[in-house]
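Please open the structure in your viewer and keep the sequence beside it.

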Amino acid sequence: SFNKQTVSNTSFSASSLVSTQGKYIVTVVCFNADDNAVQGSGVILSKTSNNASIVITNQHVIQGARATNLTYPCLIAYSPNPTSNFTNIYYANPVYWADRASTATMNNYDFGYLEIRQEVNINGDKIVPIFGTSLILADNQRPTVCKSSELQAGKELIVLGYAGVGGNYLSVKEGIVSG
């Protein structure tokens, strides 16, 4: 999310946020033990020591993926240009770092992490790994986000994400923090 006051002071508009920050937003699809898909948005957050990107998403999106027997229970769709179709698809796995947050905190605030594991090509029902490709998204850059201290009731903000009703393109929501 982006604090609209900060955005206004730096002459950003919602459309300029899509072009400058949208490349850090991904679509996440995870499968649970019943093979049901749960979809959400994610934000490219950092990278691992193995040169793979880390994505933060909602815990409710990845929670069921931990219970599957799938080697890679999640897919991430990425595009450096969010106003066009996705250009890259990746396998991803939920990861947990106790030094970052406890599972109770992650559940309470509804967030979790995914690690990019393998680029793939989807052709109909077949998913084919593409070996030797970079697992770093957005050129190892991270988005500019507002500080949590700026998120107070009554403040205006802009949120970027892939809403279930927004189709394949990045959605922009403007609003006021209600609580």
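The stops below move from confidence to a disulfide, then to aromatic rings, nonpolar cores and a loop.

**Confidence**

Begin by colouring the chain by pLDDT, for this is a predicted model. The mean pLDDT of the chain is 85, and 91% of its residues reach 70 or more. Next, select residues 4-11, where pLDDT stays under 50. For this stretch the model has 11 contacts beyond four places in sequence.

**The disulfide**

Select Cys-30 and Cys-74 and display their side chains. The structure holds 1 disulfide, and these two residues form it, with their sulfur atoms 2.1 Å apart. Is the disulfide of Cys-30 and Cys-74 right-handed or left-handed? The torsion about its S-S bond is about 110 degrees, so the disulfide is right-handed. The pair links distant parts of the chain: Cys-30 belongs to strand β2 (residues 25-31) and Cys-74 to strand β5 (residues 74-78), 44 residues apart. Are these cysteines buried or exposed? Buried means under 20% relative accessible area. Cys-30, at 1% relative accessibility, therefore counts as buried, and Cys-74, at 0%, counts as buried too.

**Aromatic rings**

A search of the whole structure finds 4 aromatic pairs. Select Tyr-72 and Tyr-91 to view one of them. Their ring centres are 4.8 Å apart and their planes stand at 15 degrees, so the pair is stacked. This pair also links distant parts of the chain, with Tyr-72 in the loop between α3 (59-62) and β5, and Tyr-91 in strand β6 (residues 88-95), 19 residues apart. Tyr-72 is partly exposed, having a relative accessible area of 31%, whereas Tyr-91 counts as buried at 16% relative accessibility.

Now select Phe-111 and Tyr-113. The centres of their rings are 5.8 Å apart and the planes are at 80 degrees, so this pair is edge-to-face. Both Phe-111 and Tyr-113 are buried.

Which residue has its charged end over the ring of Trp-97? Select Arg-100, whose charged end sits 4.4 Å from the centre of that ring. Arg-100 also lies over the face of Tyr-113, at 5.4 Å from the ring centre.

In soluble globular proteins, nonpolar side chains tend to be buried together. Select Val-26, Val-28, Val-55, Ile-76 and Leu-114, the residues with the most contacts inside the largest nonpolar core, which has 20 residues. The elements that give two or more residues to this core are β2, α3, β5, β6 and β7 (112-123).

Keep Leu-114 selected and display what surrounds it. Leaving aside neighbours within four places in sequence, Leu-114 is in contact with residues including Val-28, Val-55, Ile-62, Ile-76, Ala-92 and Val-95. Cys-74, already seen in the disulfide, is also in contact with Leu-114.

**An exposed loop residue**

Finally, select Asp-125, in the loop between β7 and β8 (126-130). Asp-125 is exposed, with a relative accessible area of 83%. Then select Ala-104 as well and draw a line between the two C-alpha atoms. Asp-125 and Ala-104 are 21 residues apart in sequence and 37 Å apart in space.

How values were computed
Residues numbered from 1 in each chain as written. Heavy atoms only, no water. Disulfide = S-S within 2.5 Å. Helix = DSSP H or I, 4+ residues; strand = E, 2+ residues; numbered from the N terminus. Buried < 20%, exposed > 50% of the residue type's maximum accessible area, 1.4 Å probe, protein only. pLDDT = per-residue confidence, 0-100. Contact = heavy atoms within 4.5 Å. Phe/Tyr/Trp six-rings, centres within 6.5 Å; stacked < 30°, edge-to-face > 60°. Lys NZ or Arg CZ within 6 Å of the ring centre and 35° of its normal. Core = buried A, V, L, I, M, F, W, Y, C linked by side-chain atoms within 4.5 Å.
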